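Work through the exercises below with the sequence and the structure at hand. Each task is followed by a solution that goes step by step.

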2 protein chains.
Amino acid sequence: MAATIYDIAEKAGVSIATVSRVFNKSANVSAKTRKKILEIAEEVGYHPHAYAQGLASRKTNTVMVVVPVISNYFFMEVLGGIQDKLAEQNYELSIYNITGKKDTFTQVEHVLRKRLAEGYLFISIHLDNEKWTQLKKYNVPITLVDEHHDSYDSVSVDNKQGAYRATKSLINEGFTRIALLAALKSSKPISDRIEGYKKALLENDIPFRKELIVSGDSDYRDGFTERSGYEAMIKILTMDPLPDACFCSSDIQAVGAMKAMQDADIEIPIIGYDDIELAEYIGLSTVRQPMKDMGFFATQNLIDRMNNPSKAISQTIYTPELIIRSSTD
Amino acid sequence: MAATIYDIAEKAGVSIATVSRVFNKSANVSAKTRKKILEIAEEVGYHPHAYAQGLASRKTNTVMVVVPVISNYFFMEVLGGIQDKLAEQNYELSIYNITGKKDTFTQVEHVLRKRLAEGYLFISIHLDNEKWTQLKKYNVPITLVDEHHDSYDSVSVDNKQGAYRATKSLINEGFTRIALLAALKSSKPISDRIEGYKKALLENDIPFRKELIVSGDSDYRDGFTERSGYEAMIKILTMDPLPDACFCSSDIQAVGAMKAMQDADIEIPIIGYDDIELAEYIGLSTVRQPMKDMGFFATQNLIDRMNNPSKAISQTIYTPELIIRSSTD
DNA sequence: CTGAAAGCGCTTACAG
DNA sequence: CTGAAAGCGCTTACAG
């Protein structure tokens with residue numbers, strides 16, 4: 001059995017309260033007894049039991065990240081930023097995965113009720129306005145990433161603007177029949193991007209044609225996969241007339257799309273979305289989302305709120321940046 | 001304040017023991033009182049407090065994944081498998097990140113002592129034989145992934161064999177001056193792969209030349225990055241005489257290497273390692289590690305051990321499979 | 001600076 | 001089928 005504060009207290013000839021104090025950095029312990037306790041603790045390999053600490057102090061010292069698809073490029077990058085911040089602040093990280101099998105809201109409530117963490121980072125979790133409002137009752141610090149709601153701190157990217165810029169750049173190159181290689185159309189990021197795409201077209205007197213919005217058939221990860229990009233591009237390349245350029249809703253889909261063009265031996269300019277690290281190496285023009293920064297900043301934001309629950313709610317919206325590489329040459 | 005079993009017990013006019021029993025699926029509760037309790041619980045939005053449960057029952061119902069670099073392709077894929085298994089078994093997932101800043105062993109001990117989980121999955125954590133042995137004293141279920149030790153269950157891939165096969169396939173194509181594009185040479189996977197590479201050469205009477213083993217200069221993520229691959233390939237392409245083929249220690253480095261070849265306008269056949277999803281789409285020949293399966297299987301293994309601590313230790317070693325695509329045409 | 005004691009929200013023999 | 005009670009390993013006013 002692992003050592004407890006009782007064991008240490010006994011060996012040191014003090015009370016458990018005193019032992020507890022030295023591990024809580026409470027000032028009020030004499031240097032002598034502090035030293036003695038620390039020595040004994042070291043000797044027996046003592047380490048506080050996290051659950052007991054959590055229960056007694058009502059603090060878990062952990063931040064939970066709630067996310068729908070864990071092995072996803074966007075999430076990976078955001079997580080990198082979260083980790084950097086958390087490590088710096090000495091919090092534990094826990095990850096909770098929302099599956100597609102059950103209702104999202106139910107799962108979200110479930111995880112909040114367990115009180116496994118002191119603060120929550122919701123990444124790409126999309127709920128109705130009303131549902132978000134309902135969650136306020138749990139009265140726990142929550143920061144939204146890639147989602148927006150007036151009652152919570154949030155960090156997101158202007159998807160509409162990003163799609164607008166990407167489409168606009170294609171229009172500026174003289175293209176008019178521009179396909180939109182989409183993922184699951186009902187998903188939040190996609191519907192926003194469709195709007196931006198549409199706006200750019202209309203502003204330039206180019207008719208918006210629904211049939212130019214094409215998705216793949218695989219719905220794994222909502223279609224944000226190489227495969228889905230490949231499938232969609234195959235469809236695009238068989239359209240008549242052939243679109244003269246294509247905006248892809250993610251870089252990873254663009255990778256599949258490029259392969260499709262190669263296989264079909266037809267090439268049209270394409271632009272991606274995200275700027276995952278790899279994009280640079282395959283020469284993919286894209287729209288950069290500062291994913292790592294978003295994670296870092298959101299975590300900072302959450303910790304601030306945990307320390308000061310009454311601070312004003314802040315909405316941070318990044319404007320995505322256009323990155324031009326060889327795929328649109 | 002959130003509802004507790006005391007609140008429910010009071011409203012239902014029963015003891016807390018009874019309330020506790022219905023949430024623990026203990027058989028011994030009458031249908032009538034069970035129903036009543038469940039109704040009240042629903043009404044007040046009750047959910048057991050995980051920490052209190054954990055402390056009282058000495059069970060945390062969570063599995064912790066301990067990993068050095070979280071945002072890494074290999075890990076991502078393995079994690080996918082872990083999640084599938086865990087979801088099926090209703091365990092919580094926690095992730096602990098070992099940083100390069102402090103000593104690995106210290107951090108590992110630290111996390112074990114907190115008792116945050118009932119079982120641990122160590123991914124790509126490499127320690128001395130003796131250190132692993134020391135950890136046995138914590139007497140907690142641990143399964144090793146991508147590492148091997150006699151005292152623990154483990155799931156790994158035969159790296160030497162994989163490198164051997166890759167190199168051999170290049171030799172079979174008639175190449176003799178084969179470069180090895182490496183990452184951090186002192187890392188476990190790399191040193192194993194160097195061995196396999198060497199073995200293939202020697203078996204075919206090709207001299208082993210140290211200078212053909214080249215790494216990039218960036219050491220971020222131990223060199224398993226696009227950038228590091230790019231840098232290394234630039235060096236390889238300026239060698240005189242030019243190597244006639246190249247084996248890369250990971251697919252992600254191969255992506256960088258391909259870009260370097262394109263920029264330098266020199267192309268030599270290359271083969272990667274891992275078979276990340278993307279490899280298929282860029283036509284990269286590679287050595288497949290069944291990453292997702294490894295995660296799935298390792299988790300199964302860990303859960304089995306958690307349920308039966310005295311079961312025999314098992315070592316599972318996958319043999320990597322060669323996948324030939326256009327990069328070695 | 002230190003200790004006794006109550007409490008955090010559960011679980012689980014034990015007794016009935 | 002149900003309850004009283006001890007215990008899980010800590011924290012934290014309160015009193016001295």
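**Exercise 1. Determine how helix 1 of chain A and helix 2 of chain A are oriented to each other.**

Step 1. In this predicted model, where local features need pLDDT of at least 70, side-chain atom pairs count only at pLDDT 80 or more and totals for chains, interfaces and linings use all residues, begin by locating helix 1 (residues 5–12) of chain A. Residues are numbered from 1 along each chain as its sequence is written, while chains are lettered from A and ligands numbered from 1 in the order in which they are written. Helices (H or I, at least four residues) and strands (E, at least two) are DSSP runs, numbered from the N terminus.

Step 2. Helix 1 of chain A packs against helix 2 of chain A at an angle of about 110 degrees, and their axes are 8 Å apart; axes are lines fitted to C-alpha atoms, for helices over the stretch in contact, and angles run from 0 to 180 degrees between N-to-C directions.

Step 3. Angles under 35 degrees count as roughly parallel, over 145 as roughly antiparallel, 65 to 115 as roughly perpendicular and the rest as oblique. Helix 1 of chain A and helix 2 of chain A are therefore roughly perpendicular to each other.

Step 4. A:I5, A:Y6, A:I8 and A:A9 of helix 1 of chain A make the contact with A:I16, A:V19 and A:S20 of helix 2 of chain A, where two residues are in contact if their C-beta atoms, placed from the backbone, lie within 7 Å. By class, the residues of this contact are 6 nonpolar, 1 polar and no charged; Ala, Val, Leu, Ile, Met, Phe, Trp, Tyr, Cys and Pro count as nonpolar, Asp, Glu, Lys and Arg as charged, and the others, Gly among them, as polar.

**Exercise 2. Describe the packing of helix 10 of chain B with helix 11 of chain B.**

Step 1. The axes of helix 10 (residues 226–237) of chain B and helix 11 (residues 251–264) of chain B are 6 Å apart, and the angle between these helices is about 45 degrees. Helix 10 of chain B and helix 11 of chain B are therefore oblique to each other.

Step 2. The crossing of helix 10 of chain B with helix 11 of chain B is right-handed; a crossing is left-handed if the near helix is turned anticlockwise from the far one by less than a right angle, and right-handed if clockwise.

Step 3. The residues of this contact of helix 10 of chain B with helix 11 of chain B divide into 12 nonpolar, 4 polar and 3 charged.

**Exercise 3. Which residues come nearest to DNA strand C, and which to DNA strand D?**

Step 1. There are 26 residues around DNA strand C, of which A:S15, A:A17, B:S20, B:A52 and B:A56 come nearest; a residue is near a molecule or strand if its C-beta atom, placed from the backbone, lies within 6 Å of it. Two or more residues of this surface are given by each of helix 2 (16–23) and helix 4 (50–57) of chain A, and helix 2 (16–23) and helix 4 (50–57) of chain B.

Step 2. DNA strand D likewise has 26 residues around it, and A:A17, A:S20, A:A52, A:A56 and B:A17 come nearest. Helix 2 and helix 4 of chain A, with helix 2 and helix 4 of chain B, each supply at least two residues of the surface near DNA strand D.

Step 3. The surface near DNA strand C has 14 nonpolar, 11 polar and 1 charged residues, and the surface near DNA strand D has 14 nonpolar, 11 polar and 1 charged residues.

**Exercise 4. Work out how chain A is related to chain B.**

Step 1. Chain A is superposed on chain B by a rotation of 180 degrees with 0.0 Å of shift along its axis, at an RMSD of 0.1 Å, the copies being superposed by least squares on the C-alpha atoms of residues with pLDDT of at least 70 in both. That is the relation of a two-fold axis.

Step 2. The same surface serves both copies, since 100% of the contact residues of chain A recur in chain B.

Step 3. In the contact between the chains, 33 residues of chain A meet 33 residues of chain B. Helix 5 of chain A gives the largest share of the side of chain A that touches chain B, 6 residues.

**Exercise 5. Where do A:P241 and B:R58 lie?**

Step 1. A:P241 is in the loop between helix 10 and strand 8 (245–248) of chain A, and the peptide bond from A:D240 to A:P241 is cis, with omega near 0 degrees.

Step 2. B:R58 lies in the loop between helix 4 and strand 1 (62–67) of chain B, and its phi is near 60 degrees, a positive value in a residue other than glycine.
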